[in-house]
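Me: Could you walk me through reading a protein model, feature by feature? I would like the general idea each time and then the case at hand.

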Amino acid sequence: MTTVLGFDFGTKSIGVAVGQAITGSASPLAALKARDGIPNWNAIQAIINEWQPDLIVVGLPLNMDGSEQAFTARAKKFGQRLHGRFGVEVCLQDERLTTADAKQRLFELGGFKKLQKGQIDSVSAVLIVESYFESSYH
């Protein structure tokens, strides 16, 4: 496995990142607009065509105690749809604290002006991919 696409699922915006298993790192791509959690599937198709991922990692929103929340099922369904539409293996990755970590990382890079919603979602996707790599290597 070499190339991984990461998705930070949201109802209005879906962050996207691409990662490389060799380096264990990821880079943000553009966040995609969504309507009540439904993305532009053609835009996702274009990203998949461009990056040819071996695996897709979808962030799994959980409560801090590890239990599922109402939004968990929606993220799982999004992952199932990705697999069904594109035939790429999908893995779910615990995403607790990724949004807070993304805000912190963006703030360190450039202060409040960097804290735009799309950037936060894409950096959250980076953190989801990187945490997947970290958990895979341990």
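What follows is a conversation about this model, from its overall layout down to single residues.

Me: Before we start, what kind of model is it, and how are its residues numbered?

Reply: It is a predicted model, in which local features need pLDDT of at least 70 and side-chain atom pairs count only at pLDDT 80 or more, while totals for chains, interfaces and linings use all residues. Residues are numbered from 1 along each chain as its sequence is written, and side-chain values use heavy atoms, with hydrogens and water left out.

Me: How many helices and strands does the protein chain have?

Reply: Elements here are DSSP runs, numbered from the N terminus: helices are H or I with at least four residues, and strands are E with at least two. The protein chain has four helices and seven strands. Reading from the N terminus, the order is β-β-β-β-β-α-β-α-β-α-α.

Me: And how much of the protein chain is buried?

Reply: Buried means under 20% relative accessible area, exposed over 50%, and partly exposed in between, using a 1.4 Å probe and protein chains only. Of the 138 residues in the protein chain, 45% are buried. The chain exposes about 7400 Å², with 51% of that supplied by carbon and sulfur atoms; the areas come from the Shrake-Rupley method with a 1.4 Å probe, and for residues only the protein chains shown count as cover.

Me: What share of the contacts joins residues 24 or more positions apart?

Reply: A contact means heavy atoms within 4.5 Å. Among contacts in the protein chain with a separation of 6 or more, 63% are between residues 24 or more positions apart.

Me: Which residues touch the most other members of the largest nonpolar core?

Reply: The general idea is that in soluble globular proteins, nonpolar side chains tend to be buried together. A nonpolar core is a set of buried Ala, Val, Leu, Ile, Met, Phe, Trp, Tyr and Cys residues joined through side-chain atoms within 4.5 Å. In this model the largest one has 19 residues, and L5, F7, I44, I56, F78, L82 and F86 touch the most other members. At least two residues each come from β1 (3-8), β2 (13-20), β4, α1 (41-51), β6 (55-60) and α2. A second, separate core has twelve residues, including A17, V57, A125 and I128. Leaving out residues up to four places away in sequence, L5 touches V16, A17, V57 and V129, among others.

Me: Now a helix: which residues of α2 are buried?

Reply: They are T72, A75, F78, G79, L82 and F86. Looking down the axis of α2, these buried residues fall within an arc of 125 degrees, so they line one face of the helix; the arc is that of the directions from the helix axis to the C-beta atoms. That buried side packs against β1, β2, β5, α1, β6 and β7, while the face turned away from it carries the exposed residues A70, Q80, G84 and R85. Just after α2, G87 takes a positive phi of about 70 degrees.

Me: Which residues of α1 are buried, and which are exposed on its other side?

Reply: W41, I44, I47 and I48 are buried in α1. They cover an arc of only 115 degrees around the axis, which puts them on the same side of α1. N42 and E50 are exposed on the other side. The cover over the buried residues of α1 includes β1, β2, β4, β5, β6 and α2.

Me: How many salt bridges are there?

Reply: Side chains of opposite charge can pair when their charged atoms come close. A salt bridge is a side-chain nitrogen of Lys or Arg within 4 Å of a carboxyl oxygen of Asp or Glu, and the count comes to two. D36 pairs with R74, their closest N and O atoms being 3.3 Å apart. This pair links distant parts of the chain, as D36 is in the loop between β4 (32-35) and β5 (38-39) and R74 is in helix α2 (residues 70-86), 38 residues apart. D36 is exposed at 56% relative accessibility, whereas R74 is partly exposed at 32%. K76 forms a salt bridge with E68, with 2.6 Å between the closest N and O atoms.

Me: Finally, is E95 buried or exposed?

Reply: E95 is buried, with a relative accessible area of 12%. It is found in the loop between β7 (90-94) and α3 (98-110). Setting aside neighbours within four places in sequence, E95 is in contact with D8, G59, L60, P61 and I128.
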